[in-house]
Amino acid sequence: FSLVRCFPCCVSLLEEIVPRFRILVMDETVRERMSEEDVELLAKLEEQNKLIESDLRRKTTLKAKDEAPSPPTQRQSSKPAKNAVNHAIDQVLKKLSSLSASFRKSPNADASTAAPVTEEDVYLAWGAVIAEWDEMIQKRPKHVRQLVRDGTPDAVRGLAWQLLSKSFDSPLKETYADLLEMSSPCEKTILRDIARTFPQHDLFKEQNSLGQESLFNVVKAYSLYDKEVGYCQGSPFIVGILLMQMPEEEAFSVFVSIMKDYGMRRLFTPSMAHLNLCFYLLECLMQESLPELFLHFQAQGFHTSLWASSWFLTMFATSLPMTLVFRILDLFFLDGMEILFRFGLALLDSSKVQLLQMDTEGMQRHFQKEMWAIHERNPEQLVSMAMQV
């Protein structure tokens with residue numbers, strides 16, 4: 001992704017916050033009047049922009065750069081460039097921090113009263129972070145976390161998920177091609193469930209569409225890759241979320257990371273013992289933080305498996321608007337399964353007053369239909385609540 005190409009109006013902001021980035025948008029006549037140091041800096045910045053845009057294997061590139069000797073002038077010009085990147089990120093983080101603090105004090109307040117954060121601000125910060133990802137994640141992890149917590153832009157979300165899950169350069173992309181050549185004993189079951197996965201979404205609603213084909217390929221490949229789990233209902237929804245953000249090879253690599261590195265596969269094992277453990281843990285958390293609601297559910301015989309199964313098995317994909325589901329995944333890649341419990345408790349707390357007045361049928365209807373509409377109107381309020389749990 002190219003900041004200058006995607007956001008022409010970003011030029012004035014770049015000139016204000018990061019003066020050295022001006023050279024990215026100057027014409028050739030201006031370049032002729034530049035100093036030798038600025039010309040070298042321009043070459044470095046344009047090279048970083050091309051690396052992001054062409055989605056090259058960053059680690060390999062960085063390793064090659066480390067091994068190659070660098071002229072003294074290049075080393076001297078890299079310092080102001082990194083200072084400019086850090087300054088740009090600091091400026092945006094200050095604005096985002098101010099906005100977040102204002103929202104925590106009054107979630108229903110008008111965001112316009114807080115420090116203004118423009119779309120250009122956010123893209124500028126994310127572009128700088130992605131261009132120097134390895135260094136940023138090692139030396140400024142708190143700043144990366146804050147950017148993710150405040151919302152990952154749609155245009156970079158797929159790449160951000162790959163980087164956060166350490167799947168960007170995964171060799172599984174090659175394994176994936178081999179798995180597609182094999183047959184899975186789960187193929188008929190997968191095909192049956194594909195039509196039920198996001199049936200209203202443009203990518204998947206057409207039978208035999210490219211989206212459905214990609215969804216089938218990734219789920220089938222995983223059933224062969226992890227034969228103990230094989231195929232389990234619910235997993236196509238997680239894969240579908242990934243396919244909305246990236247091609248299928250990358251989606252497979254990230255899905256494997258979600259299942260193995262983040263521990264989600266334990267929910268899908270045949271015994272589903274860990275899923276029941278999650279139900280128990282959620283009940284304990286309810287008993288501690290929402291005791292009145294917990295007793296109401298107990299009195300109504302409203303077992304946790306009736307309403308929380310989809311929360312864990314689809315990562316809320318069937319329960320909340322997609323905007324919120326993307327935000328949950330953003331945070332999941334930071335904090336793992338803890339985020340699922342945070343959002344679960346936030347959902348219960350946000351609907352506590354209504355749920356206490358309902359019987360089992362009413363609560364079931366609320367979880368299946370009404371909850372979606374409630375949080376579609378103000379998704380960031382739920383995010384704020386979840387992060388305070």
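In which helix does S214 lie? S214 lies in helix 13, which covers residues 210-225, where helices (H or I, at least four residues) are DSSP runs numbered from the N terminus, as are strands (E, at least two). This is a predicted model, in which local features need pLDDT of at least 70 and side-chain atom pairs count only at pLDDT 80 or more, while totals for chains, interfaces and linings use all residues. Residues are numbered from 1 along each chain as its sequence is written, and side-chain values use heavy atoms, with hydrogens and water left out.

**Overall make-up**

- The protein has 24 helices and zero strands.
- Of its 389 residues, 50% count as buried, a term that means under 20% relative accessible area, with exposed meaning over 50% and partly exposed in between (1.4 Å probe, protein chains only).
- Among contacts (heavy atoms within 4.5 Å) between residues at least 6 apart in sequence, 74% join residues at least 24 apart.

**Surroundings of S214**

- S214 has a relative accessible area of 11% and is therefore buried.
- Leaving aside neighbours within four places in sequence, S214 is in contact with Y176, L243 and E248.
- Of these partners, Y176 belongs to the helix 11 side of the contact between helix 11 and helix 15, and E248 to the helix 15 side.

**Helix 15 and its two packing partners**

- Two packed helices are described by the angle between their axes and the distance between the axes; here the axes are lines fitted to C-alpha atoms, for helices over the stretch in contact, and angles run from 0 to 180 degrees between N-to-C directions.
- Helix 14 (residues 235-243) packs on helix 15 (residues 248-260) at an angle of about 130°, with the axes 9 Å apart, which means that helix 14 is oblique to helix 15, given that angles under 35 degrees count as roughly parallel, over 145 as roughly antiparallel, 65 to 115 as roughly perpendicular and the rest as oblique.
- The contact brings together S235, I238, V239, L242 and L243 of helix 14 with E248, A251, V254, F255 and I258 of helix 15, and by class it has eight nonpolar, one polar and one charged residues, where Ala, Val, Leu, Ile, Met, Phe, Trp, Tyr, Cys and Pro count as nonpolar, Asp, Glu, Lys and Arg as charged, and the others, Gly among them, as polar.
- Helix 11 (residues 172-180) packs against helix 15 at about 105°, with their axes 9 Å apart, and the two are therefore roughly perpendicular to each other.
- On the helix 11 side the residues are L172, K173, Y176, L179 and L180, which meet E248, E249, E250, F252, S253 and V256 in helix 15; they divide into six nonpolar, one polar and four charged.

- Apart from neighbours within four places in sequence, M264 is in contact with I238, I258, M259, F312, M315, F332, M337 and L340.

**Positive phi values**

- Most residues other than glycine have a negative phi.
- F198, in the loop between helix 12 (187-194) and helix 13, has a positive phi of about 45° and is buried, with a relative accessible area of 7%.
- F316, in the loop between helix 19 (304-313) and helix 20, has a phi near 70° and is buried, with a relative accessible area of 0%.
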